[in-house]
Amino acid sequence: QVQLVESGGGLVQAGGSLRLSCAASGIIFSIGTMAWYRQAPGKQRDMVATITSGDNTNYANSVKGRFTISRDNAKNTVSLQMSSLKPEDTAVYYCNAQLRLYGKGGMNGYWGQGTQVTVSS
């Protein structure tokens, strides 16, 4: 069984910072691209940031310059450092990872359970 477990969400004032972490566990052979998505109430789930196995990163325009994604391949973790937070960053943040499992062919996408980030004005 595979699990992605997020941590680090919470309530913060506008202009503040938070760091989200996500740890993948299970019968994992390899990990491809890891990513953070977010979903605000009544809206679709949108990509926030991605990082490939080669550490190439991509960000949504709305978070460029404020958020930084990183990964630790030895620990199977991905993190999102969020700074200069705005009320519009309020959402449930989800971790996503492309995983190849032992005994299975190909990469498949897996999601964490989500962690709430609330930014007050």
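User: Quick one on R38: buried or exposed?
Analyst: R38 is buried, at a relative accessible area of 15%. Buried means under 20% relative accessible area, exposed over 50%, partly exposed in between (1.4 Å probe, protein chains only).

User: What kind of model and numbering is this?
Analyst: This is a predicted model, where local features need pLDDT of at least 70, side-chain atom pairs count only at pLDDT 80 or more, and totals for chains, interfaces and linings use all residues. Residues are numbered from 1 along each chain as its sequence is written, and side-chain values use heavy atoms, with hydrogens and water left out.

User: Back to R38. What does its side chain meet?
Analyst: D89, in a salt bridge of 2.9 Å, N to O. The cut-off for a salt bridge is a side-chain nitrogen of Lys or Arg within 4 Å of a carboxyl oxygen of Asp or Glu.

User: Which other residue does D89 pair with?
Analyst: R66, with the closest N and O atoms 2.8 Å apart. R66 lies in the loop between β6 (57-59) and β7, so this pair ties together parts 23 residues apart in sequence. R66 is buried too, at 12%.

User: How many salt bridges does the structure hold?
Analyst: Two. R38, R66 and D89 are linked in a network of them.

User: Switching to β7. Which residues are on its covered face?
Analyst: F67, I69 and R71 in β7 (residues 67-72). T68, S70 and D72 make up the uncovered face.

User: Why the every-other-residue pattern?
Analyst: In a regular strand the side chains alternate between the two faces of the sheet.

User: How does β7 run relative to β8, parallel or antiparallel?
Analyst: Antiparallel, with six bridges joining β7 to β8 (residues 77-82). Two strands pair if DSSP finds at least two bridges between them. F67 has M82 as its bridge partner.

User: What's in the turn?
Analyst: Four residues separate β7 and β8 in this hairpin. N76 in the turn has a positive phi of about 55 degrees.

User: Last one, N96. Where is it?
Analyst: In strand β9. N96 is buried, at 7% relative accessibility.

Definitions and conventions. Helices (H or I, at least four residues) and strands (E, at least two) are DSSP runs, numbered from the N terminus.
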